[in-house]
Amino acid sequence: MLDFLGDLKRTHMCGELRLSDAGRKAVLMGWVGRRRDLGSIIFVDLRDRSGITQVVFNREKNPAVHQKAEQLRNEYVIAVIGTVKQRDPETINKNIPSGEVELAVDELRILNVSKQPPFLPGDAGLANEETRLKYRYLDLRREVMQFNIEMRHKVAKAIRDYLSSQGFFEIETPFMTRSTPEGARDYLVPSRVQPGSFYALPQSPQLFKQILMISGFDKYFQIVRCFRDEDLRADRQPEFTQIDLEMSYPQPERVWEVVEGFLSAAFKAGGVEINPPFLRITYDQAILQYGNDKPDMRLPAMVDVRAALTPEELNELATKFRIHKELPIQLIRIPKAGDISGTERRTIGTYGAYQHVQGPSFVQLMTDPKRFAKDYPAISEKILSFAKIEPDDLWLLAGAIDKPESQAAREQSVQHFCEKCGFLRLDLAQKYAAKHGAFQKRDFRFLWVTDFPMFEWDKTEKRWNPAHHPFTSLHEEDMAKLEANIDSVNDPQSPLGEIRALAYDVVLNGTELGSGSIRIHRQDIQRKIFQALGMSEEEARARFGFFLEALEYGTPPHGGIALGLDRIVMILAGAESLREVIPFPKTARAVDLMVDAPTPVSAAQLKELGIQLKS
């Protein structure tokens, strides 16, 4: 027979009791965890989100309550009334904050029973992920999941508090809006009252937050759900949460300052102190020095060793290894990786082919430092000194084989070659640096990557596309280049590829946390960008008519950014997947196993919406 809660109120959470509470009456409520029946005494670990308290049922002191406690099983929900007692020294549990006390129970109320769960929240071994997601309500009772979700709350609250203190308004934007140009990736919602028409769930509030700047709100933010119908990875979900903000009249530096402020508050809420301002490098620097536009700064930059050599030495090196001195000769260094076997050194030479990066191939010039030093003593000594190589470092040189045919080809070759070297750098670091503690998860290295390309060449469509989005502003000094090449959308050699955007990413340990830009606020410039993208006036009006019209009514300069909240919490929690920090995530197939979604709908529902399914 189950009991009613009645007017009983708990006095303490299970994890709150301390030695100072000894002698007091307490009312606790929670789930039955570990249970130990010693005959005349039953011990139960009573658990709620705050922690655990041991409660004791003593047959000699209260036989009726002890008899009732014999019914208890894992995950029963109970309320207990009793007296807080100091535990005997030999029974103190030093692993929990409440481990010096226990509750001697005078009254027990069994509020609900539980079937035998497929796994227990306290199990040492972890159930497979499919089982965990199917029974997510049980999985969320586990201590690590309770910790992760609490951290998520604290991080979000810290961000809200900081931005509110800086004069930002939190403003909600619509979830049901029109489909964006990237329509294939939108989740579409059919309209019953407008048959044949569809809303789209927003991939981001981009246009709405810009309209809020036109509306005079000056500083906006939102911790908002967004939706993308795309293939998933460990760090992607079909619905996700981002920290979205926009400001009027900012320089990029002002946006960065605000982001550094709320990230400092967020990481402090997660128990980590960070020290702004963050390092800033341009996109071109990132590619040249790290081979990546989101570099992991826990590893040293690649070094182009040509600057360490005389023209004669450079010619000797290039001739010997049949590489081209017009392209970088990159030294890749993995600190304190120690010596590696000859077999491992020989396998390094196979890396270039599998990276799927278009462009020149590359060759390892050196995988054995001793041999290189013996064959080229003067060159080796200069290179080691120039690159600041230390005795336990793993290092190698890489040079490009392919010869660029033109200046434009040379610039592309440099980028592709450096990207390949960057892949190799990260791969070697994962294999060797982690073994020696040089890749610490709690070593947080932030930076801003700035001045991204305005346009990127689409090899499939054979046209220039916006590298960020078509509302991103460009550098003022690049306007002439835009105007001179505005009709070269189908020319891969067009100087459109040289135009720099006022776009920026905030990066942490090789992960992009967020991306933003200064926006276009003038309609004449917006029109030119659309023209450079090969978009007619009619097409632009069809896609963005409401926004283009809004630009005609006194739009102030504005800019902003969006950061992934899920990703920030994942990093702070030390989790390997976003699913570990989202209460109700989807699988890699975008399925919610707990509620069994998505599912087919009835023929009646489809008929009412005017939708017919094709097999």
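**Helix packing and salt bridges in a predicted model**

Helices H4 and H6 cross in a right-handed sense. The structure is a predicted model, with a mean pLDDT of 91 for the protein chain and with 94% of its residues at 70 or more.

**Confidence**
- Over residues 352-356 the pLDDT stays under 50, and for this stretch the model has four contacts beyond four places in sequence.

**Packing of H4 and H6**
- Helix H4, which covers residues 143-165, packs with helix H6, which covers residues 252-269, at an angle of about 145°, and their axes are 8 Å apart.
- On the H4 side the contact is made by Lys154, Val155, Ala158, Ile159, Tyr162 and Leu163, which meet Glu257, Val258, Gly261, Phe262, Ala265, Ala266 and Ala269 of H6.
- Sorted by class, the residues of this contact are ten nonpolar, one polar and two charged.

**Salt bridge between Glu230 and Arg185**
- Glu230 and Arg185 form a salt bridge in which the closest N and O atoms are 3.6 Å apart.
- Because Glu230 sits in the loop between strands E9 (219-227) and E10 (239-248), while Arg185 sits in the loop between strands E6 (169-170) and E7 (187-190), the pair ties together parts that are 45 residues apart in sequence.
- Arg185 has a relative accessibility of 29% and therefore counts as partly exposed.

**Salt bridge between Glu246 and Arg519**
- Glu246 pairs with Arg519 in a salt bridge whose closest N and O atoms lie 2.9 Å apart.
- This pair links distant parts of the chain, 273 residues apart, with Glu246 in strand E10 and Arg519 in the loop between strand E20 (511-518) and helix H14 (523-532).
- Both partners, Glu246 and Arg519, are buried.

**Salt bridge between Glu537 and Arg527**
- Glu537 forms a salt bridge with Arg527, and the closest N and O atoms of the two are 3.7 Å apart.
- Glu537 belongs to helix H15 (residues 537-551) and Arg527 to helix H14, so that the pair, ten residues apart, links distant parts of the chain.
- Glu537 counts as partly exposed because its relative accessibility is 35%, and Arg527, with a relative accessible area of 38%, is partly exposed as well.

Key
Residues are numbered from 1 along each chain as its sequence is written. This is a predicted model: local features need pLDDT of at least 70, side-chain atom pairs count only at pLDDT 80 or more; totals for chains, interfaces and linings use all residues. Side-chain values use heavy atoms; hydrogens and water are left out. pLDDT is the predictor's confidence in each residue, from 0 to 100. Contact means heavy atoms within 4.5 Å. Axes are lines fitted to C-alpha atoms, for helices over the stretch in contact, and angles run from 0 to 180 degrees between N-to-C directions. Helices (H or I, at least four residues) and strands (E, at least two) are DSSP runs, numbered from the N terminus. A crossing is left-handed if the near helix is turned anticlockwise from the far one by less than a right angle, and right-handed if clockwise. Ala, Val, Leu, Ile, Met, Phe, Trp, Tyr, Cys and Pro count as nonpolar, Asp, Glu, Lys and Arg as charged, and the others, Gly among them, as polar. A salt bridge is a side-chain nitrogen of Lys or Arg within 4 Å of a carboxyl oxygen of Asp or Glu. Buried means under 20% relative accessible area, exposed over 50%, partly exposed in between (1.4 Å probe, protein chains only).
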